[in-house]
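Hi,

Here is the structure I promised to pass on to you.

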Amino acid sequence: MKTRLQTSLGQHLVLTPQLQQAIKLLQMSTTELELEIAQAVESNPLLDWADSNDSSAVNEGGDGNDNEAPAERSEGDDWAPAELDWSAAGSGGSFDDDDDTGSAAERVAETETLADHLLWQLHLSHLSARDRSIGAALIDALDDDGYLREPLATIAETLLPAIHAGEDEILAVLHRIQRFDPVGVAARTLGECLQLQLDVLADETPGLLLARQIAAGPLERLPRSGVAGLAHELKQPLDEVVTAVALLRSLDPRPGTQIAPLSQDTYVVPDVVVWRQNGVWRAALAAHAGPRVVIHRGYEQLIRRCGDADAGYLRAQLQEARWLLKGLQQRGETLLRVVRSLILQQSGFLEFGEQALRPLTLREIAAELGLHESTVSRAIARKHVRTPRGTLPLRAFFASGIDTEGGGEASSTAIQAMIRRLIDDENPRKPLSDAKLADLLKSSGIPVARRTVAKYREAMNISASHERVRIA
């Protein structure tokens, strides 16, 4: 998919094929990345596994591709130490590491659908409860390709009788969802899908203005009239129409398929390791987060000795290999920047658990790092981090917030942890009602309505108070 990429300096880059590949690699899980690289090595003779005994292999991708950590590394390296003393982390080594075997790949991956991915972004958005309900109804109506095929009037009917919303109000929420990742999602037509993707391109993108014009109108006639016919209809030079059509064809007409659910038996390999050293939380890329690949020097040298046709083929494959290595390096660098920002923001979460999780959104991390929100979303998608508290999805570091009486905010995750703790400590003969839980939270400075407590309790699969009565 062609879009705009923000660098750490805030500059916008039009995505060339190699940068498109970098975005694709960024949103992959480690398991998916391994398959992608295996296919690349199989199809490209200029790529080779680094553990090959062939001394003709050379790494041109930089340290970011060195996924096989040596036994010893200097303190400044961005790779996790081979062994970590988990008992030394946290307060007095009190953390529970639930990774019993010590293996990096002992957890089953969470299956994430397109709806899950969008709902997660919805709950992190600064929207009212009413707008979130409307957004959830819209997301539920999307098909697998990410399109909204239902008319807004039908969405309004599904919201009844709880919410009476007009089409204008629903449309406003739809426009908000259309800004989520993946870019182009929640469109109602192909033309709108492509326009959403064009809207995030840099203004200097060749053919951008004409591509917008085509997407907004004569796009459906393109298969019948062809590029030449389209140029005649628009009264535009043929070469400019060719550029605009090429831009449109580089976009993704089915953005929803970018978020495909993993199989139930897929195991995760943590991409990052987090530990505490001298009282400071540190993060590094996992030593075995992905296979290490290099350029095959023997084939590279062969380019100078073979004929023009073969040399052209090998040069193209060499360029593809270099793009892959550069993409892997960028993936690691971006992921590490995001994780280091997260542990700085959520050190209390790592120290004390869910009750200390502070409200945090994609927008905050994106603003701090000078990245686009969609870039941060891709960086954490299906990524896991190994911590003294166990192997956690990076999504666990984000939470929406509720204002407290002290003027601060408490995350919804922290409030759920407080509710669970209150229920765990309750008298089994007289369980706490939702109203009583709300009063106890209010006395702690967190004004939460009874219905909100009920919602959180149900989300944690905890029964109502009358169902929790038990005789000691």
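Below is what I found, topic by topic.

First, some ground rules. This is a predicted model, in which local features need pLDDT of at least 70 and side-chain atom pairs count only at pLDDT 80 or more, while totals for chains, interfaces and linings use all residues. Residues are numbered from 1 along each chain as its sequence is written, and side-chain values use heavy atoms, with hydrogens and water left out.

Let's start with the strands. Helices and strands here are DSSP runs (H or I, at least four residues, for helices; E, at least two, for strands), numbered from the N terminus. Two strands count as paired if DSSP finds at least two bridges between them. Strand β10 (residues 384-387) pairs with strand β11 (residues 390-393) in the antiparallel sense, over 4 bridges. The two form a hairpin, with 2 residues between them.

Next, the inside. "Buried" means under 20% relative accessible area, "exposed" over 50%, and "partly exposed" in between (1.4 Å probe, protein chains only). A nonpolar core is a set of buried Ala, Val, Leu, Ile, Met, Phe, Trp, Tyr and Cys residues joined through side-chain atoms within 4.5 Å. In general, nonpolar side chains tend to be buried together in soluble globular proteins. The largest core here has 32 residues, and Val274, Val338 and Phe398 have the most contacts inside it. Among the elements that each supply at least two of its residues are β7 (272-277), β8 (280-285) and α12 (308-345). The largest share, 6 residues, comes from α12. Which residues does phenylalanine 398 touch? Leaving aside residues up to four places away in sequence, its contacts (heavy atoms within 4.5 Å) include Trp120, Leu124, Leu342 and Ile380. There is also a second, separate core of 24 residues, with Leu159 and Phe180 among them.

Now the charges. A salt bridge is a side-chain nitrogen of Lys or Arg within 4 Å of a carboxyl oxygen of Asp or Glu, and by this rule the count comes to 14. Here are some to find:

- Arginine 188 and glutamate 192 meet at 2.9 Å, N to O; the arginine is partly exposed at 33%, whereas glutamate 192 counts as buried at 16%.
- Arginine 221 and glutamate 233 meet at 2.4 Å, N to O. Arginine 221 is in the loop between α8 (208-216) and α9 (222-234) and glutamate 233 is in helix α9, so the pair ties together parts 12 residues apart in sequence.
- Glutamate 373 and arginine 363 have their closest N and O atoms 3.7 Å apart. This pair links helix α15 to helix α14, across 10 residues.

Most residues other than glycine have a negative phi, and most peptide bonds are trans. Leucine 160 and proline 161 are joined by a cis peptide bond, with omega about 0°, and proline 161 is in the loop between α5 (152-159) and α6 (167-177). The bond from aspartate 181 to proline 182 is cis too, with omega near 5°. Alanine 186 has a positive phi, near 70°, and is buried at 1% relative accessible area. Lysine 235 also has a positive phi, about 55°. Is lysine 235 buried or exposed? At 71% relative accessibility, lysine 235 counts as exposed.

Cheers
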